[in-house]
Amino acid sequence: MPPSSFNLRPHLTVANRIFTDREEHATAFHEALATYDALRREPMILNYFGLGGIGKTALLRKLTEELVQSNCDVMYTHINFENTDHHRLSSALLQMKKDLHQRYKIPFRSFELAYSVFWKKLNPGFLPNAKESAIPFLDEGSLLEKFISELEVVPYFSIVPPLLKKIEDAFTSHPVWSKESKAILTTLEDKSIIETEDLLLHYFKTDILRHIHTSQLSHPFVIFFDSYELFYQSSQRHRGRSSTALNWVQHLIKTLPSIIWVVGSRDKMSWEDGPSVSTHQLNELPDDDCLMFLQACGIDCEDSLHDIARMSYGVPYYLDLMVDMYQKSNQSKFVVDPRSNSPLEISKKFLDCLDLNERETLKVLAVPNFWSLDLYIKLMKEFNTGFPVTAYDHLITSSFILEEEHQGWQIHPLMRKCLIEELKQSSNGYFTRRIHSFMWAYYLEQLEDTAHPHLINDLFKEASFHGAHSEELDAYVAWMMEYVNRYKSTRDVISIGQAITDAIHSLSDSKQLGPLHRLEGDLLFYQGDYLAALEVYDVALQHLLALPSNTLSILETKSNMAEIYIQMSRYDKASRLLEEIISSDSGDYVDIAYFSSFSLSYIRLGKLKLRYDKGDQAIRLYELALVHCEKGISLHPGSATLYANMGLAYEKLGEAYGAEKSLVQFEAYVHSLQAYEQAMQHVTDENDYWTIVNYGMMHKRLAEYHQDPELKDAHFTRAIQMYNHVLKKSSTFVECLEKKGHALVDYMIHKIDDADFEKAEILFRQAVNVFETIEQLSPYRASSRNRHASLYTHFSKGLMKQHNFESALSHLQQSLHLYEKMVEYTPDYIYLNNSLQRTHQMLGDVYDCLGDALQSTSHYQMSTTYDQVNIS
């Protein structure tokens with residue numbers, strides 16, 4: 001059997017080597033192995049819990065050592081949640097997959113394929129080359145690695161077709177796997193990044209169960225989870241801010257009852273409506289066991305034995321530390337201060353045994369989450385503690401220096417806490433902030449020098465952590481805002497959101513908290529998580545309003561909140577916020593951001609007025625928006641943002657003029673196109689997708705305007721191409737998804753009018769997929785729900801033209817079902833009654849064609865009812 005992946009350091013004298021007083025805990029594990037049943041319906045969960053340093057990790061390590069040493073057939077893997085990467089579902093599953101495949105050659109075909117799609121969606125522009133490291137989620141030399149490496153940079157929407165072709169060619173001799181792989185790809189093709197990550201759990205479980213079944217396993221299968229409390233705290237802190245996959249542990253355990261789960265945690269596990277848990281508390285070691293361990297470590301002085309045993313409180317971590325202290329001191333004169341009456345004092349006393357240079361070096365090394373030899377050398381050069389750089393091997397022999405796989409070294413959390421507390425007391429925390437600033441600069445430099453997505457996420461997380469604790473908080477917040485606004489559409493938004501939340505959690509100064517909460521709200525707004533965004537924006541405003549210098553951020557935050565309220569059909573709240581913003585428009589500013597913010601607020605209020613059929617007021621507001629754009633451009637002639645806002649204002653102005661003013665409407669659309677062309681010439685950020693999306697909307701308007709079928713086709717096609725360009729890079733951009741959905745519906749209606757029913761059905765299927773994705777991401781987006789329901793109504797018109805009345809009836813009934821769901825989420829949508837009136841009218845027509853006079857009359861009456869509601 002392969003050796004344990006835990007790092008064993010036998011050259012150290014640690015309490016874990018002489019394992020004492022854990023017989024009952026080990027017996028519970030051995031009994032679970034002895035009674036293992038692969039056909040169990042309820043999972044077997046052993047929970048070892050106790051305070052920090054009590055020996056939970058040591059116990060789990062001891063149990064795995066016994067599995068290795070006994071050379072039994074038990075299969076196992078482990079996850080330690082001290083590594084925060086493993087708090088996320090995809091990272092933890094990938095680690096377990098790699099471990100199990102390396103140890104036992106378990107095939108993970110379904111998971112690998114699903115993860116391939118997830119990886120490509122998460123990192124849309126990345127293509128490995130000879131200079132890059134291997135693709136981290138595939139086994140070297142596997143067919144899937146070959147497939148992914150050969151794919152062109154055609155991410156998200158286009159990864160599936162080429163993969164399907166390659167799989168079809170490669171697996172002709174394995175039809176079952178070929179069929180299964182095609183099913184996986186088809187399932188994942190139109191899923192969002194979040195949905196795809198959630199499904200990784202299913203495919204991981206599928207591969208595990210297939211292996212158990214096909215190999216007819218009778219020997220146990222064990223998965224160890226250590227430091228579960230850290231995962232739980234993280235999932236609670238990020239709850240409602242990202243993927244539901246953050247709560248993946250319970251789901252995995254529930255769906256794999258044939259596995260023995262061993263979980264170490266500080267607190268007793270207690271799951272509501274979950275499987276039963278066998279809990280076992282780890283208490284302090286009895287004096288006899290402490291004495292036995294100390295004697296095994298070579299301590300034979302009777303007074304020292306009893307003093308150390310008493311002052312360690314029976315906690316293995318402190319026993320180790322006291323032994324280190326004893327061995328570093330003059331052993332014949334070793335005395336434990338009786339005033340050291342708390343465990344923290346033990347750590348401090350140990351530090352007193354070190355020479356000054358070694359002690360100060362440990363303080364510096366306590367600031368990074370982990371360090372490599374290269375980083376250690378850089379830190380010693382920057383912060384000259386006097387400790388010889390070449391004495392690295394001596395430094396890491398202490399029991400509290402832990403070696404972490406793939407990460408380097410780190411200090412035990414309890415000792416690290418003590419070191420950082422001492423460091424903070426020096427010069428009122430100045431040196432702590434200085435070291436964090438150095439680390440922030442170090443990781444920023446690393447970020448600049450890498451293009452590998454996996455490394456980028458890790459480096460960004462570390463950079464954000466250190467920046468949030470640095471002495472340059474204003475610079476850190478500015479960097480974070482620039483990074484998020486630039487990369488939120490092309491990088492892992494879940495990791496970015498978690499980094500923002502963690503930064504907020506670590507700060508207490510409202511000067512920085514306001515902008516960070518605003519940034520968190522912007523990210524949620526971008527993803528369509530409206531309820532969470534509003535909650536965060538409210539908190540942001542509380543902090544921003546406390547400082548007079550935040551006027552612009554306050555305006556932008558309120559404007560975004562108003563847009564959310566519009567999307568959620570809370571028009572009164574939206575109107576109040578926008579009126580409040582516009583009333584503060586003094587006009588005496590020159591900053592480009594003010595011109596942009598006010599012009600956008602005028603446009604948003606104009607949209608709101610138009611929904612209430614106040615066209616004249618809407619036109620006046622759009623004209624005021626144009627005045628602000630023109631004035632701003634005169635002062636800032638290269639502003640892509642102001643040109644984009646001008647294009648949006650002209651497009652909305654053309655909409656407000658309506659078809660009855662055909663000439664001025666067309667002129668407005670031409671001005672809009674010209675403004676967008678100017679914007680695209682001045683765009684400096686390749687990820688400025690808002691401009692591209694609104695530009696695409698202008699092409700949709702022109703498609704609606706033109707009567708020539710070829711011009712209609714050309715503009716609809718161009719709009720959809722622009723939306724697809726954005727979605728390839730930013731698959732969760734809800735605004736783009738909705739605009740694409742609207743374009744597909746209107747294009748479908750055009751094709752139905754032209755009797756091109758084959759093309760209309762293709763567009764219908766695409767639109768259904770888009771709107772279903774939006775409802776997963778943003779369930780309170782009223783306009784999307786309304787268009788999703790009306791899509792079925794419009795499509796039924798084409799079915800009626802083909803005399804397919806039964807199918808038309810089915811689609812209209814689905815339309816009513818979707819309207820019922822809409823009422824649950826957004827009952828106040830302004831066009832809801834119009835849409836229901838049209839659907840019931842169509843149902844009346846269908847039943848009339850089917851000869852069902854009773855149903856026909858009923859739906860005509862319902863249609864009249866909704867029509868009267870509209871009039872009132």
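Is Tyr-530 buried or exposed? With a relative accessibility of 2%, Tyr-530 counts as buried, a label for residues under 20% relative accessible area, whereas exposed means over 50% and partly exposed lies in between (1.4 Å probe, protein chains only).

This is a predicted model, in which local features need pLDDT of at least 70 and side-chain atom pairs count only at pLDDT 80 or more, while totals for chains, interfaces and linings use all residues. Residues are numbered from 1 along each chain as its sequence is written, and side-chain values use heavy atoms, with hydrogens and water left out.

**The chain as a whole**

The protein chain has 38 helices and seven strands; these are DSSP runs numbered from the N terminus (helices H or I, at least four residues; strands E, at least two). Of its 872 residues, 56% count as buried. The accessible surface comes to about 37,700 Å², and 50% of that belongs to carbon and sulfur atoms; the areas come from the Shrake-Rupley method with a 1.4 Å probe, and for residues only the protein chains shown count as cover.

Contact here means heavy atoms within 4.5 Å. Among contacts between residues at least 6 apart in sequence, 70% join residues at least 24 apart.

How confident is the predictor? pLDDT, its confidence in each residue from 0 to 100, averages 82 over the protein chain, and 84% of the residues score at least 70. Over residues 127-134 pLDDT stays under 50, and the model has 11 contacts for them beyond four places in sequence. Residues 151-161 also stay under 50, with 34 such contacts beyond four places in sequence.

**Around Tyr-530**

Tyr-530 lies in helix H24 (residues 530-544). Beyond its neighbours within four places in sequence, Tyr-530 is in contact with several residues, among them Ile-564, Gln-567, Met-568 and Tyr-780. Tyr-530 and Met-568 are 38 residues apart in sequence, yet their C-alpha atoms are 8.1 Å apart in space.

Helix H25 covers residues 551-567 and reaches 25 Å from its first C-alpha to its last, close to the 24 Å expected at 1.5 Å a residue; the expected span is 1.5 Å times one less than the number of residues. Because 15 of its 17 residues are buried, H25 is largely enclosed by the rest of the structure. After H25 comes Ser-569, whose phi is positive, near 65 degrees.

**Rings meeting rings**

The whole structure holds 38 aromatic pairs. Rings of Phe, Tyr and Trp (its six-membered ring) pair if their centres lie within 6.5 Å; planes under 30 degrees apart count as stacked, over 60 as edge-to-face and the rest as tilted. Here are two of the pairs.

| Pair | Centre to centre | Angle of planes | Kind |
|---|---|---|---|
| Phe-111 and Phe-204 | 5.8 Å | 80 degrees | edge-to-face |
| Phe-460 and Tyr-483 | 4.4 Å | 10 degrees | stacked |

Phe-111 in helix H4 (residues 109-122) and Phe-204 in helix H8 (residues 193-214) are 93 residues apart, so their pair links distant parts of the chain. Both Phe-111 and Phe-204 are buried. Phe-460 sits in helix H20 (residues 453-468) and Tyr-483 in helix H21 (residues 473-487), 23 residues apart. Phe-460 is buried at 3% relative accessibility, and Tyr-483 is buried with a relative accessible area of 7%.

Ring pairs also link Phe-81, Phe-225, Tyr-228, Phe-231, Trp-248 and Trp-261 into a cluster.

Conventions. pLDDT is the predictor's confidence in each residue, from 0 to 100.
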